[in-house]
Amino acid sequence: MVLFNLVFRLLGDKKGQFGMNIVFMLLILASTALMMLSGYVGVVGNVISINPFSEFLFAMFTAGLLVVSIIAFHYSENYMDFAVMSNFALLGMFAVSAATSVITIFLGLELATIPMVFAILLSKRSIEAAAKLFIMASIAIAVLSFAIVLFYGDTNGFALSEYSGGEVMAFAGLLFIAALGFEASIFPFNVLIPDVYTGSPAYLTGMLGGLNKKVGLVALMQILILIFITNKQLFIFVAILSVLTMTYGNVVALVQRNTKRMLAYSSISQAGYILIGIAAATPQGVAASLFQIFSHMFIFIGMMGIVALLEKRNRTEIDELIGLNGENRYAAFAMSLFMLSLIGLPFTTGFIGKLLLFLSAVNAGLVWLAVIGIINSVISIFYYLKAIMAMYTEKDGGRPLKMNRTLAFAVFVCVVITIVLGVYPQPLISLATNAAGYMLPAT
Amino acid sequence: MIAVIVLLPLLLGMLAVALIRSMSKIRYAAIIAGAASLALLPLVNYGTTTLPWLLIAGSDIGVTISLTPLSLMLLSIVLLIGLFVLIYSAGYMESVLDHRRFYLEMLAFEAAMATFAVSGNFITLFIAWEFLSLTSYLLIGFLHNRNSAIRAARKALTIVFIGDLTLIGSIVLFWHVFGTLEFAQIISMAGAVHSIDLYIAVLLLLIAIFTKSAQFPFHEWLIDAMEGPTPVSAYLHSSTMVKAGVFAAILLYPLFAAPDVSWIIFTASAVTLVLSTLAAAREMHVKKVIAYSTIQELSIMMLAISSGAVLAAIYFFFVQSFYKALLFFGSGVAMEATGRENLDEVNGFGARKLAYLSTLFGVLSLAGFVPFSGFFSNTGISSSLTGNLPAYALLSGVAVLTSFYIVRWFSYLSRNDKRSASYAPNYLTMPRSMVYPMAVLAALTLAASAVFFSISTFLSAGSYLSYLPVQSPLSISATDGALFTVLIAVGAVLSYMVYYRRSIKSGIGSLNRIIYTGPIMNWSYHVVAVITSGLSAGISEFDSRLNDFFDSMGITTVRAGYGIRRVSVGSINTYAAIFILGILALFISFYYLVIV
């Protein structure tokens, strides 16, 4: 698929490329679905393994990129570059999802991150954002390499398998947390995220926040759960980082004036919630994290779709959301739904995800973590409601804001996922539980 | 069958909104929807059913619907008052546009409350609770071209959402403690478990109840909620929303029975009781007097629950719905006819005899005169609390003031002067659909008295309520009856003389000075006002006032937020430095916490 994309890039036909992309992604989705149904498990070399866990993530990332591509097709000035870059990134995500070795994770992450730097660069919006991302990513690479070196020194191998070493291993674990913390937007390794999100066009922000950051979380999950599961001290740190991350995201989001910046901080706080499940280090916790990763991915992409619509009119401030309901009812409704879902309204995926996460924390004995998570949700009410109220405040002289049909479709997909899987979440819960069970068999 | 009854209003409402374009027809459709589910009510049976919803490894979560005598009582009030409110709205909402939105929101609200009434586990309760918050927000802010309405709705939603989230917190903790979310099992285990987790869970649940039932310090939103249309106020205050909190407290009474919890409820409700009674006596907005009286009644119920008089509280709960809806209907008629909202401008109510007399029934019932149901509910609680001297004394004092303020309210409405004569035609043209429900409700305030003697038999039909400490039928001792009748009469006569006859003119000044402007009263009022408005207004107008509010409060987190915001638009050097510092912090803390 990547090859095909390159060819199409050279031949140069936007529509053809888009169509081919969609077809390929649908093909991947269909084949993953087949693999899931047949329960296919296989190992490629010593570095990649196809199993329910990776199949779940394959399907998730492909579906996410599908929606992002639909948004990008309309809003990107150079869709074809984006298509190539995003396909490289998707390959990287697949590598991370299926990794059985630290090296695969390393390569996959780089493959997922570096094309994004170029995509931001090529969108000609903010060279600064691209440069920042690139430099910080380089630092993270350095730290990650160092962690791998320590890891190799202790284990004489790269395999992702349970290993509890001495202090050197523990330090390697901390370095992993730091390096992957950058990829997964975990405080305090995430300080540049809002800059990058604001500096990129909305569809790329959707890609970064919806897919790339999730890959970071998945990688972190794999490293911590598969290697360090017996090292309980490390998981205390994860719990503490989770608290720091969600508190940081929520408190700073409170005072934001820019819509995208606010959503950037809100996605940081969501990363904090997702960490709860990893900190719990139980099959239930992993399943809850996977559920929330899935749920937040589509919510975030959907929100970015609407931000893309607003960006066309240069409306980037929260105050400029005022009167959106009068101009485009559908956009205001979808945006409110996404935000309510992030707060945790019943019958949306956000509610189920949070419920699963808090329950898993409680069942793992981390009651305090669940309570802090709930306090954080209370804080988050204020900034989400502020935006919702703004959209439903009436404004004089608003002219109708027409929504392009492809964009409307992309947002519609996200809305449907948020509601349908909120009302009837069982399929997704089963898939996530299945995936988590494969990764971390119940004891 | 229960599910059908509960969801019928909403489904029919959606259907009607989808199919009917005409403004005038939609209201009939809404009334039919309300009536249909009320008509189905006799067909239900007591019982519990669980629909599976989430299957998580080892722990299934389902939606449990359970019908007990207690929930049947609430369900019938919700549907009955709901029907009256819909009929009343058919007349009231004539001048207002956007009927379709109003009726849809109203029916959704009714469905949410009906679901709440039959919830049998925390999941169902939470869902209903959350949708109550949302629909009430929509209804309070219904007149969305009024800024004050939007602000009020925002305040209500913010306060109530805090309760929603503490409710999730308590649910998670209950799961941790009991391993189940079914009410029946939790109640049976409640006495046996003692742990700090359970204590925190109960406190979180209490916060949720206080926010919903507008208890101190979360009571402000209910007053501002008067910005909604009058039928909404009537419904909100009589049988839905605010009653949800009290109902949850009754339903889960064994959780609150322990002394280390009940003193909190007692304190909060006593403070609310004093505050709201005094506020009702000095309020000059027609609807807000009644709103404060709702808060007062809620705190009386909470007081009774905290002292173990649950059965009396349940009866009070039942009775209050009727006269409260009636009084709001009355104020709606008066306000519509005069076009004013201030008590000293709204008068001449006597012009419309039927509405006037019906409202009088409501007034007498609220004050607690024999043989109105208000007498039995008020005195019933006091009689059950004879052993509890502070509570008894408090209730006796409140009884005088209650009849004082409600007669004051009615006196203002009854006054006749030159201007009020000009209102008479307006009163006479008030639509019948607004007046007739009032007459029926007035009859019900009398009829409900009979329930006093049969309520304990009715409730014990299901074994579900065996945990209630008061199993014996309610009774009122002769001394209590006499004492309260005298107290009420004193308050009523005093108020009548001051505000209607105006024969104690000089008295008004000194009385005002004592009650309203005396230094101690004033001081304590201001202290309380600062606390409550600081809390609720500060939170709800977060966006506009964030800066100065937190500056004045000196809360550092948000200021830190501003600080961090500055950092985050900084240069790449800062980012790299923070990244490295983060790693260092991890290492250092790991070194100290784990290795040393």
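Two residues are in contact if their C-beta atoms, placed from the backbone, lie within 7 Å. By that rule B:Ala313 is in contact with B:Ile250, B:Met301, B:Ala304, B:Ile305 and B:Ile381, leaving aside its neighbours within four places in sequence. The model is predicted.

**Chain A as a whole**

- Chain A contains 18 helices and two strands.
- The radius of gyration of chain A is 20 Å, close to the 22 Å that the globule rule gives for 443 residues, so chain A is as compact as a globular protein of that length.
- The C-alpha trace of chain A spans about 65 × 55 × 45 Å along its principal axes.
- Buried residues make up 65% of the 443 residues of chain A.
- Among the contacts in chain A with a separation of 6 or more, 79% join residues 24 or more positions apart.

**Contact between chains A and B**

- Chain B puts 47 residues into the contact, and chain A puts in 50 residues.
- On the side of chain B that touches chain A, the elements giving two or more residues are β1 (47–56), α5 (122–140), α6 (147–178), α24 (542–553), α25 (556–568) and α26 (572–595) of chain B.
- α6(B) gives the most to this side, with 13 residues.
- By residue type, the side of chain B that touches chain A has 33 nonpolar, nine polar and five charged residues.

**The largest nonpolar core**

- The largest nonpolar core has 412 residues, and those with the most contacts inside it are A:Ala279, B:Ala304, B:Ile305, B:Ala313 and B:Tyr315.
- Helix α15 (residues 310–338) of chain B supplies the largest share of this core, 20 residues.
- This core lies between domain 1 (329–514) and domain 2 (555–595) of chain B, because both give residues to it.
- In soluble globular proteins, nonpolar side chains tend to be buried together.

**Helix α15 of chain A and the residues beside it**

- Helix α15 of chain A, residues 349–363, has 15 residues.
- From its first C-alpha to its last, this helix reaches 21 Å, close to the 21 Å expected at 1.5 Å a residue.
- α15(A) is mostly covered, with 15 of its 15 residues buried.
- A:Phe347 sits in the loop between α14 (329–343) and α15 of chain A, and its phi is near 70°, a positive value in a residue other than glycine.
- A:Phe347 counts as buried because it has 20 C-beta neighbours inside 10 Å, and the cut-off for a buried residue is 20 or more.

**A:Ser185**

- A:Ser185 is found in the loop between α7 (167–183) and α8 (193–199) of chain A.
- The phi of A:Ser185 is near 55°, a positive value in a residue other than glycine.
- Most residues other than glycine have a negative phi.
- A:Ser185 has 31 C-beta neighbours inside 10 Å, so it counts as buried.

**A:Met85**

- A:Met85 belongs to helix α4 (residues 79–97) of chain A.
- A:Met85 counts as buried because it has 23 C-beta neighbours inside 10 Å.
- Not counting residues up to four places away in sequence, A:Met85 touches A:Pro115, A:Met116, A:Phe118 and A:Ala119.
- A:Met85 and A:Tyr265 are 180 residues apart along the chain, and their C-alpha atoms are separated by 25 Å.

How values were computed. Residues numbered from 1 in each chain as written. Chains lettered and ligands numbered in written order. Predicted model: local features only at pLDDT ≥ 70, side-chain atom pairs only at ≥ 80, totals over all residues. Helix = DSSP H or I, 4+ residues; strand = E, 2+ residues; numbered from the N terminus. Rg over C-alpha atoms; globule rule 2.2 N^0.38 Å. Buried ≥ 20, exposed ≤ 12 C-beta atoms within 10 Å, placed from the backbone. Nonpolar A, V, L, I, M, F, W, Y, C, P; charged D, E, K, R; others polar. Expected span 1.5 Å × (residues − 1). Core = buried A, V, L, I, M, F, W, Y, C linked by C-beta atoms within 7 Å. Domains from an automatic or database assignment.
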